[in-house]
Amino acid sequence: MSLTRVESLARAALPEITGDLRTLVELETPSDDKELLTAGLAAVEAWTHHRLGTPDASRRHDGGAHGDLLELLYRGTSPAVVLVLCHYDTVWPAGTLAEWPFRASEDGRATGPGIFDMKCGLVQAVWALRLLRELDLPRPSVRLLFNGDEEIGSPASRPVIERLSEDAAATLVCEASAGPEGALKTARKGVGLFEVTVEGVEAHAGLDPDKGASAVHALAELVTRIAGLGSRERGTTVNVGLISGGTGRNVIAGRASCGIDVRVADPAEAARVDTALASLAPSDPRVRVSVTGEWNRPPMVPTPASRLLFDQAHAAAAELGWALRETAVGGASDGNFVSALGRPVLDGLGAVGDGAHARHEHILLDHVPPRTALLAGILMAGAV
């Protein structure tokens with residue numbers, strides 16, 4: 001009955017929780033604005049201290065040009081440590097809030113920039129720990145990590161996450177859940193971000209067409225090959241999302257480039273794509289091709305340890321009276337880094353809703369109490 005008690009308290013506190021959602025959503029924290037990220041993290045820290053009290057340990061990690069990381073440790077009733085990942089940056093630029101403010105409607109939806117991805121996850125994580133402490137229930141030491149660069153690939157956060165997950169019995173990622181049933185994410189694709197640059201030979205398109213070698217034409221030839229690297233059967237997608245090149249209609253282009261997003265479910269696919277990109281060559285020998293970029297995140301592949309975590313989550317949901325589902329998704333998260341090291345991780349523990357990175361982004365408030373209790377149940381299992 002412990003978890004039903006947690007859910008009951010969370011439901012009674014839903015007005016307060018909704019107020020916390022408003023507080024966090026009204027902190028504009030775009031990934032590329034250092035000043036706003038700094039102010040936002042200071043507010044997140046103050047709010048967390050308000051809800052949980054002074055942490056047993058606290059540390060700031062330098063985020064470089066992006067938001068810093070805040071690590072807070074709250075000691076539990078057992079020696080086990082569980083790492084909880086929560087990013088506070090969003091994809092929304094400064095000024096979005098003025099035209100799209102936080103709103104909680106009578107139909108039980110709450111909307112606002114970043115509420116689904118993933119500020120509701122922060123709120124649920126803090127409240128889950130708060131209620132466990134309030135009820136004096138078994139719990140591990142919880143290491144909360146708030147980072148401000150997840151939406152751009154976590155360049156500063158990755159080494160910190162990898163280090164902090166080393167001694168953790170589990171890593172829980174409070175990213176939004178999947179679908180209307182709030183499925184957990186037990187598998188994610190890896191992400192590669194690349195740019196193909198073509199150098200041609202400029203010439204006057206009318207006077208000297210034979211003296212030129214068009215970089216734009218060569219890139220057009222290569223784009224179909226690049227897109228063709230995708231394989232539905234292997235779970236690999238390749239998207240050429242950006243193209244630029246040329247200086248004028250009457251100039252045979254001397255330079256062109258394209259930006260590519262690659263998603264792979266199987267680590268072996270990364271090697272295949274790497275080889276194919278490295279061998280790109282247009283039919284005109286005067287044109288040179290170069291490829292830059294890297295694999296931003298490795299795939300998150302289920303392991304026996306991660307399967308055990310999902311089983312614990314499934315049991316907690318059953319105690320609360322509902323069936324928890326799991327799914328694989330194409331998007332990546334900071335959980336990918338932990339999974340690639342063979343460590344137990346569970347993702348999608350945040351909000352139930354829809355519209356990540358879109359104007360219809362929203363959460364369903366009625367799901368917040370049971371999701372908070374679910375997270376509390378997983379933490380309790382981690383205290384054994």
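**Domain, sheet and helix packing**

UniProt, in an unreviewed entry, lists residues 186-280 under "domain: Peptidase M20 dimerisation". The model discussed here is a predicted one. Within residues 186-280 the chain is 38% strand and 26% helix, and the C-alpha atoms at its ends are 34 Å apart.

The next element to consider is an open sheet. Six strands form it, in the order S1-S2-S6-S3-S7-S16, with mixed pairing. Strand S1 (57-61) and strand S16 (345-346) stand at the edges; each has a single partner strand, so one side of each is left without a neighbour in the sheet. Further inside that order, strand S2 (residues 67-74) pairs with strand S6 (residues 141-148) in the antiparallel sense, over six bridges. In this pairing, Leu73 stands opposite Arg143 in S6.

Helices pack on this sheet. Helix H3 (residues 34-52) lies across S1, S2 and S6 and runs at about 10° to S2. Helix H5 (residues 115-134) also packs on the sheet, where it touches S2, strand S3 (81-87) and S6. The direction of H5 makes about 150° with that of S3.

How are two packed helices described? The description uses the angle between their axes and the distance between the axes. For H3 and H5, the angle is about 25° and the axes are 9 Å apart. Because angles under 35 degrees count as roughly parallel, H3 is roughly parallel to H5. The crossing of H3 past H5 is right-handed. On the H3 side, the contact is made by Val44, Trp47, Thr48, His50, Arg51 and Leu52. H5 contributes Leu122, Val123, Val126, Trp127, Leu129, Arg130 and Arg133. By class, this contact of H3 with H5 has eight nonpolar, two polar and three charged residues.

H5 also packs with helix H2 (residues 14-25), at an angle of about 135° and with the axes 10 Å apart. H2 and H5 are therefore oblique to each other. H2 passes H5 in a right-handed crossing. From H2, the contact involves Glu16, Ile17, Asp20, Leu21, Leu24 and Val25; from H5, it involves Ile115, Lys119, Cys120, Leu122, Val123 and Trp127. The residues of the contact of H2 with H5 divide into nine nonpolar, three charged and no polar.

Terms used: Residues numbered from 1 in each chain as written. Predicted model: local features only at pLDDT ≥ 70, side-chain atom pairs only at ≥ 80, totals over all residues. Heavy atoms only, no water. UniProt positions renumbered as here; feature names shortened; annotations may be inferred. Helix = DSSP H or I, 4+ residues; strand = E, 2+ residues; numbered from the N terminus. Pairing = 2+ DSSP bridges. Contact = heavy atoms within 4.5 Å. Axes fitted to C-alpha atoms, helices over the stretch in contact; angles between N-to-C directions. Parallel < 35°, antiparallel > 145°, perpendicular 65-115°, else oblique. Left-handed = near helix turned anticlockwise from the far one by under 90°. Nonpolar A, V, L, I, M, F, W, Y, C, P; charged D, E, K, R; others polar.
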